[in-house]
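Let me put the thing up on the screen, and then I'll walk you through it.

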Amino acid sequence: MKIEAKKVSILDVKMPLLVVNLFEGVKKVGGATGVIDKALGGLITELINDSEIKGKLGKTTVIHTQNKIKSKRVLIVGLGKSSEFDEEALRKASAAVIRKAKEIGVTKLATIVHGVGQRKVEPKEGAKALVEGALLRNYRIINYKSKKDEDEPKGIEEIQIVDIDRRNIVQFKKGIVFAESISSAVNDIKNLVNMPSNELTPKKFVDIAQKLAKEKKLKIEIFDIKKLKRMGAEAFISIAQGSKMPAYMVKLSYNVSGRKKTLGLIGKGITFDSGGISIKPSKGMWEMKGDMAGAATVLNIMKILDEIKPKLNIEALIPLTENMPDGGSYKPGDVLKTVSGKTVEIMSTDAEGRLILADALGLIQKEKLDYLVDVATLTGAAKIALGSKISAVMGNKEDFVKKLILAGKKASENIWQMPLLKDYRELLKSKVADIRNCQDTNKQAGTIVGGIFLKEFVSDEVNWAHLDIAATACFEKDKDYQVGGATGVGLRTLVELIGML
Ligand code: BES
Ligand code: ZN
Ligand code: ZN
């Protein structure tokens with residue numbers, strides 16, 4: 001999509017669709033909307049007076065201008081209550097515009113940045129939110145249909161962001177650049193998460209990472225099973241051995257000289273989770289093609305570091321394998337040794353994520369880290385506890401967990417903390433190993449127990465947070481700026497977090 005900011009009077013814009021706005025409850029329109037209303041002989045005011053436009057957030061009304069102004073149509077988007085308006089509302093309003101534009105078959109539009117005139121948002125942040133809402137909503141899932149669906153609406157090809165104030169245009173341009181890189185990273189996560197596992201194999205993921213590293217001049221190391229054996233990653237290897245697909249860990253490094261602190265990032269990369277020998281029920285199993293959402297998030301963060309300009313070094317480690325049932329699979333009752341030397345008794349081969357993370361945590365901490373975040377679709381229990389709109393966070397340092405939650409707030413991604421209650425450690429007590437990978441029966445507090453397991457593999461010296469996105473990585477329905485399927489959750493939070501470190 002081509003997006004540009006242009007200093008032009010709204011009446012001089014010549015586009016198939018021109019977007020203005022209305023706050024809820026406003027009867028007398030001002031600003032850009034007022035200018036258009038006047039040019040259209042008070043048509044917008046009439047619609048308001050007849051209660052046909054109320055300004056509810058995301059409600060759209062299209063009117064044809066019949067040559068009264070240069071643009072063919074005007075769209076009035078509702079912004080909701082002025083007191084509740086923020087960047088997230090702006091994203092939603094912008095997404096609603098895209099939805100409507102697609103519906104009426106328009107591919108180009110011009111818009112003001114809603115709320116800037118009323119000083120409800122800053123110009124740069126406003127343009128960023130507007131573009132994010134548009135680009136995220138314009139996402140289309142990659143399909144493999146042999147014939148093109150003729151009825152499918154075209155995507156939006158061009159957005160012109162207009163204003164008469166040159167200072168606003170300068171700020172808009174900055175917001176656009178940032179939003180474009182963030183949105184493209186989020187949409188790339190969606191592509192990977194939505195991709196079938198026969199296409200997105202661990203090897204293919206490695207290829208994508210290699211290409212990215214070359215483009216972005218990042219240091220990359222690929223660890224295959226042979227190397228991982230030497231490194232003592234027995235837990236990871238045990239999961240990989242049930243699959244015919246070769247498994248890998250990918251390490252990406254972003255180093256800037258003179259930067260002393262280092263952030264470690266780990267993303268769970270199970271390209272398909274059948275459950276293994278503890279096989280999952282077949283209903284809904286297809287969704288487990290997305291069990292590499294954490295890996296996709298971490299990979300895509302690395303892609304946009306040039307734009308984020310971190311003030312610290314970043315080391316990312318991504319373990320990639322399938323979890324499959326096979327004659328060679330690991331089995332319940334097995335005892336596996338991890339990189340840390342700690343042994344794990346397997347209660348369920350379906351609690352595989354924490355095992356590959358245990359080894360990845362062990363490996364990444366061979367370097368001196370100040371902060372460490374793992375992102376993982378770890379537990380189905382997260383959905384029971386928090387539903388599909390809130391990710392769970394746990395960690396070993398209160399301040400760092402708080403920072404991550406705050407980063408989520410800034411990014412409009414909901415994150416709630418779960419307590420790593422010491423008393424629950426006994427739920428993972430094993431007679432034959434240092435720890436069990438999950439509870440045997442009477443499963444309770446599943447998300448917390450996942451976090452308690454991981455904590456065993458984290459040094460107390462590092463600020464660590466675990467983000468469980470099992471419930472939030474996919475959302476089947478179209479909602480606001482989300483298109484049904486993968487959500488790309490987590491990236492925007494990490495962008496904010498990195499900016500805070
Ligand atoms: N990949 C799943 C978690 C998951 C569930 C992700 C639903 C996305 C949607 C994970 O590997 C898993 O199977 N976890 C088990 C843990 C249990 C065996 C302790 C679960 O949640 O049931
Ligand atoms: Zn599993
Ligand atoms: Zn899994």
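Predicted model: local features only at pLDDT ≥ 70, side-chain atom pairs only at ≥ 80, totals over all residues.

Residues are numbered from 1 along each chain as its sequence is written, chains are lettered from A and ligands numbered from 1 in the order in which they are written, and side-chain values use heavy atoms, with hydrogens and water left out.

So, the overall picture. The protein chain has 15 helices and 20 strands; those are DSSP runs numbered from the N terminus, H or I with at least four residues for helices, E with at least two for strands. As for contacts, meaning heavy atoms within 4.5 Å: take the pairs at least 6 apart in sequence, and 77% of them join residues at least 24 apart.

On to the inside. By a nonpolar core I mean a set of buried Ala, Val, Leu, Ile, Met, Phe, Trp, Tyr and Cys residues joined through side-chain atoms within 4.5 Å. The largest one has 62 residues, and the members touching the most others are Phe205, Leu263, Leu265, Ile301, Met302, Val373 and Leu491. Helix α9, residues 293-303, gives this core its largest share, 7 residues. There's another core apart from it, with 46 residues, including Leu228, Phe236, Val339 and Leu420. Back to Phe205: what does it contact, leaving aside neighbours within four places in sequence? Leu192, Leu200, Met292, Ala295, Ala296, Leu299, Ile318 and Leu320.

Now a helix pair. Two packed helices are described by the angle between their axes and the distance between the axes. Here, α5 (residues 166-194) and α15 (residues 491-500) pack at about 135 degrees, with axes 10 Å apart. The axes are lines fitted to C-alpha atoms, for helices over the stretch in contact, and angles run from 0 to 180 degrees between N-to-C directions. That makes α5 oblique to α15, since under 35 degrees is roughly parallel, over 145 roughly antiparallel, 65 to 115 roughly perpendicular, and the rest oblique. On the α5 side you have Phe178, Ile182, Ala185, Val186 and Ile189, and on the α15 side Leu491, Arg492 and Val495. α15 itself is largely enclosed by the rest of the structure, because 7 of its 10 residues are buried. Among them are Leu494, Leu497 and Ile498.

Most residues other than glycine have a negative phi. Lys309 has a positive one, about 50 degrees, and sits in the loop between α10 (305-308) and β11 (313-323). Lys309 counts as exposed, at 61% relative accessibility. Ser412 has a positive phi too, about 60 degrees, in the loop between α13 (398-411) and β16 (415-417). Ser412 is partly exposed, at 23%.

Last stop, a couple of loop residues. Is Thr349 buried or exposed? Buried, at 0% relative accessibility. Thr349 is in the loop between β13 (343-345) and α11 (353-364). Not counting residues up to four places away in sequence, Thr349 touches Gly275, Gly276, Ile277, Ser278, Asn323, Tyr330, Lys331 and Pro332. Ile239 is 110 residues from Thr349 in sequence, but 8.2 Å from it C-alpha to C-alpha. Then there's Gly55, in the loop between α2 (43-49) and β3 (60-64). Gly55 counts as buried, at 3%, and its C-alpha is 57 Å from that of Thr338. Okay, that's me, over to you.

Key: Buried < 20%, exposed > 50% of the residue type's maximum accessible area, 1.4 Å probe, protein only.
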